[in-house]
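Subject: Handing over the model

Hello,

Here is the structure I promised to pass on to you. Please have it open while you read, and my notes follow below.

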Amino acid sequence: MASTPLTPCWTHRGCRVRLVGHPLCDDAYEIHHNSGELIGCAPSLSAARELIDARIVLVRQRLVATA
């Protein structure tokens, strides 16, 4: 049986966006790459998508360099 997460989660470009606080807080959404690396926190889903789009290339380059 598959377990469901206790908090709402979304995915965008291989990253997991998870609600960790009140949606009006600056750090309401926590963003992790599927490798487990923390990308950062954002106050909204749209801000989370923008953060992912801005940092995903660097995260992927860093993962390739350490492999």
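Strands here, like helices, are DSSP runs numbered from the N terminus, with at least two residues of type E for a strand and at least four of type H or I for a helix. Two strands count as paired if DSSP finds at least two bridges between them.

Before going further, a word on the source: this is a predicted model, in which local features need pLDDT of at least 70 and side-chain atom pairs count only at pLDDT 80 or more, while totals for chains, interfaces and linings use all residues. Residues are numbered from 1 along each chain as its sequence is written, and side-chain values use heavy atoms, with hydrogens and water left out.

The pairing of β1 with β2 is antiparallel and has four bridges. For context, most residues other than glycine have a negative phi. R13 counts as partly exposed because its relative accessibility is 38%; the cut-offs are under 20% relative accessible area for buried, over 50% for exposed and partly exposed in between, using a 1.4 Å probe and protein chains only.

The sheet

Which residues lie on the covered face of β2 (residues 15-19)? They are C15, V17 and L19, whereas R16 and R18 make up the uncovered face. V17 is worth a look: its relative accessibility is 4%, so V17 counts as buried. Setting aside neighbours within four places in sequence, V17 is in contact (heavy atoms within 4.5 Å) with P8, C9, W10, Y29, E30, I31, L45, A48 and I52. One of these, L45, is 28 residues from V17 in sequence, with 7.9 Å between the C-alpha atoms.

The other position is H33, which is placed in strand β3. H33 is buried because its relative accessible area is 9%. Leaving out residues up to four places away in sequence, H33 touches G14, C15, I39, I56, V59, R60 and L63.

The helix and the whole chain

S46 is found in helix α1 (residues 45-66) and is partly exposed, with a relative accessible area of 37%. From S46 to V57, eleven residues along the chain, the C-alpha atoms are 18 Å apart.

Overall, the chain holds one helix and four strands, in the sequence pattern β-β-β-β-α. Its C-alpha atoms fill a box of roughly 35 × 35 × 15 Å along the principal axes. Of its 67 residues, 25% are buried. Among contacts between residues at least 6 apart in sequence, 21% join residues at least 24 apart.

The accessible surface is about 4600 Å², with 58% belonging to carbon and sulfur atoms; areas come from the Shrake-Rupley method with a 1.4 Å probe, and for residues only the protein chains shown count as cover. Finally, there are 7 positive and 6 negative side chains, and the centres of the two sets are 7 Å apart. Lys and Arg count as positive and Asp and Glu as negative, leaving out His and the chain ends, and each charge is placed at NZ of Lys, CZ of Arg, CG of Asp or CD of Glu.

Best wishes
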